[in-house]
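This briefing is meant to be read alongside the sequence and the 3D view.

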Amino acid sequence: ETRELALAIDVTKEVIFYDRTGDILRNAGEIGEILGYQRELEMLDVILGLAGNYKFRGTTYDTYSTSTRLGQTNGNAITNEMLDWTAFQTALLTMSRFTDPDTARRILVNPNTVLVCPGKLKTAELILGSIRTERRYGTGATTPQTTSNPLMISDTPGNPYSGQFTLLTSPLVEQRLTAAAADGGGALSTSAATERWYLVENGKAFKYMVNFPLTIQSASPQSYNMIDRGIAMSFFASERGIPSVWSVHHILRCSQ
């Protein structure tokens, strides 16, 4: 079910006359930004699992869960800290094993977007943008190496996931995670929110249902009532739609 957001403001001639800075008239014309900001918060709440509306056969489910459900072994919320490229490998393997709850066939998932908090942005950029990858293995990697206990090192150009994902962030992600409870849990600390990241197939997991898009209009006095009240300008902004969860099989939440 969609909902409508709307704002309207009238600016009188007296306000314009006494506003020597010009801020009031300029701010009045920016009411569309207020609605746009509110819409972004609503969309983030759905993506982050702070507000969910996913239904399957009439039953409502949390957007994220650590429990086995709907063809997801251990759900779509896993412990998987973003330290290096192996975190992306773990996430992709988890999603590749999701199955259709009716047929038990594996769902072909192709994640293409990564959402992180600002505190994890540079880590993600370093991992996804690195031009060389070094892998160290062998028993000597964790204990002092000897002739019989060697450290093996392989160095290759590029990285396994170069150019595969679009990386997104916003200060609003951290703000919402630290201010609201999600899927049965409480609000996160700043450090815990920073370690949370999301792997998404854009266009499959979420959609924004639109009845009519964000529209901004201005009008000059054209009626007796407006002229009589001394109104110089009126501004209107409105939109009708709702963000919605379409598939819990095309998104994965990772935490520390």
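How much space lies in the largest pocket? In this predicted model, the largest pocket holds about 480 Å³ of space. Its lining is made up of 21 residues, and those closest to the pocket centre are M43, I47, L168, N202 and F206.

**Lining of the largest pocket**

- Two or more lining residues come from each of the elements α3 (31-48), β5 (113-116), β8 (166-169), β10 (206-219) and β11 (231-245).
- Among the contributing elements, α3 gives the most to this lining, namely five residues.
- By residue class, the lining of the largest pocket comprises twelve nonpolar, six polar and three charged residues.

**The five-stranded sheet**

- Five strands, in the order β4-β12-β9-β5-β8, form an open sheet whose pairing is mixed.
- The edges are formed by β4 (77-79) and β8, each of which pairs on one side only, and the twist from one strand to the next averages 25 degrees.
- Within this sheet, β5 and β9 (residues 197-200) pair in the antiparallel sense over four bridges, with V116 standing opposite W197 of β9.

**Helices packed on the sheet**

- Helix α4 (residues 85-96) packs on the sheet, where it touches β4, β5, β9 and β12 (251-255), and its direction makes about 50 degrees with that of β9.
- Helix α5 (residues 121-129) also packs on the sheet, touching β5 and β8, and its direction makes about 175 degrees with that of β8.

Notes:
Residues numbered from 1 in each chain as written. Predicted model: local features only at pLDDT ≥ 70, side-chain atom pairs only at ≥ 80, totals over all residues. Heavy atoms only, no water. 1 Å grid on protein atoms, 1.4 Å probe; cavity = no way out; pocket = protein on both sides within 12 Å on 5 of 7 lines; lining within 4 Å. Points joined across faces, edges and corners; volume = space filled by probe spheres on them. Nonpolar A, V, L, I, M, F, W, Y, C, P; charged D, E, K, R; others polar. Pairing = 2+ DSSP bridges. Axes fitted to C-alpha atoms, helices over the stretch in contact; angles between N-to-C directions. Contact = heavy atoms within 4.5 Å.
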